[in-house]
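Take a walk through this structure. Start with single residues, then step back to the whole chain.

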Amino acid sequence: MIEAWSWPTPNGHKVHIALEETGLPYRVVPVNIGKGEQFRPDFLAITPNHRIPAIVDPEGPGGKEMRLFESGAILIYLAEKAGMLIPADPAERYTCLQWLMFQMGGVGPMFGQYGHFNNYAPEKIPYAIERYASEVKRLHRVLEKRLSEAEYLAGAAYSIADIATFPWIRNPERRGIDLAEFPSVRRWHDAIAARPAVQRGVAVLSENQRNAPMTDAEREVLFGKTQFAAR
């Protein structure tokens with residue numbers, strides 16, 4: 001059974017959704033990042049980067065244990081293990097991977113920076129907020145163009161590219177986005193949100209979803225010197 005070391009964040013939801021979609025047996029190992037559990041030795045033994053998610057598959061390639069971090073790599077691994085959610089045709093496969101990397105290198109980091117400077121930074125820096133708000137909108141325009149041409153990001157079929165991107169498009173109001181401005185993105189979002197496996201995936205660890213303001217202790221763990229300490 002695969003162990004999914006995770007927490008209910010967009011990157012965590014990617015792996016939860018992929019596991020639900022593939023039907024691979026798994027259990028969740030919660031890693032409370034607000035309390036600093038990502039710095040525990042047992043988690044660092046899986047990922048030296050101390051970021052969720054990570055997985056441990058006791059039945060990896062060749063029957064040997066596989067430890068893996070980085071959500072994009074995990075999605076590729078799960079798709080290939082299950083034989084689904086990634087195209088077999090080489091050209092379509094590279095298109096899928098292209099959009100997966102678009103999420104990993106663009107959507108995730110830029111949306112995250114907007115969230116940090118708009119919601120969590122100790123002082124409001126208008127330049128930073130405007131810069132990342134503009135980039136969030138630009139990336140939505142890129143998605144809108146693609147999804148006006150294709151049903152899903154990789155083409156006609158739902159894939160790990162969609163699974164990677166969807167959790168970051170959820171709750172658009174948090175990023176000052178109105179999906180009415182992006183009708184193709186909204187069509188795509190609503191279709192994915194209606195999938196039973198997606199609904200199960202976003203419900204994983206949902207009881208731990210943040211509903212209260214961040215405490216000073218959590219802020220220090222997530223954004224202060226704690227995360228930069230040598231380990």
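Glu 70 is partly exposed, with a relative accessible area of 37%. Glu 70 sits in the loop between strand S4 (66-69) and helix H3 (71-82). Helices (H or I, at least four residues) and strands (E, at least two) are DSSP runs, numbered from the N terminus. The backbone of Glu 70 has a positive phi of about 75 degrees, although Glu 70 is not a glycine.

This is a predicted model: local features need pLDDT of at least 70, side-chain atom pairs count only at pLDDT 80 or more, and totals for chains, interfaces and linings use all residues. Residues are numbered from 1 along each chain as its sequence is written, and side-chain values use heavy atoms, with hydrogens and water left out.

Leu 205 also has a positive phi, of about 60 degrees, and is not a glycine. Its loop runs between helix H8 (196-203) and helix H9 (216-223). Is Leu 205 buried or exposed? Leu 205 is buried, with a relative accessible area of 9%.

Another backbone feature lies at Pro 53. A cis peptide bond joins Ile 52 and Pro 53, with omega about 0 degrees. Pro 53 is in the loop between helix H2 (41-44) and strand S3.

Now turn to the strands. Which strands does S1 pair with? Two strands pair if DSSP finds at least two bridges between them. S1 runs parallel to strand S2 (residues 26-30), joined by 5 bridges. Ala 4 has Val 28 of S2 as its bridge partner. S1 also pairs with strand S3 (residues 54-57), here in the antiparallel sense, over 3 bridges. There, Trp 5 stands opposite Ala 54.

Glu 21 belongs to H1. Glu 21 is buried, with a relative accessible area of 13%. Its side chain makes a polar contact with the side chain of Arg 195, at 2.8 Å. A polar contact is a pair of N or O atoms within 3.5 Å; within protein, one must be able to donate a hydrogen and the other to accept it, and residues adjacent in sequence count only if both atoms are side-chain atoms. Leaving out residues up to four places away in sequence, Glu 21 touches several residues, including Met 84, Tyr 158 and Val 198. Contact means heavy atoms within 4.5 Å.

Next comes helix H5 (residues 126-149). H5 has 24 residues and reaches 35 Å from its first C-alpha to its last, close to the 34 Å expected at 1.5 Å a residue. That expected span is 1.5 Å times one less than the number of residues. Among the buried residues of H5 are Ala 128, Tyr 132, Leu 139 and Leu 147. Their cover includes helix H4 (90-120), helix H6 (160-169) and helix H7 (183-193).

Finally, step back. The protein chain has 9 helices and 4 strands. Of its 231 residues, 50% count as buried.

Terms used
Buried < 20%, exposed > 50% of the residue type's maximum accessible area, 1.4 Å probe, protein only.
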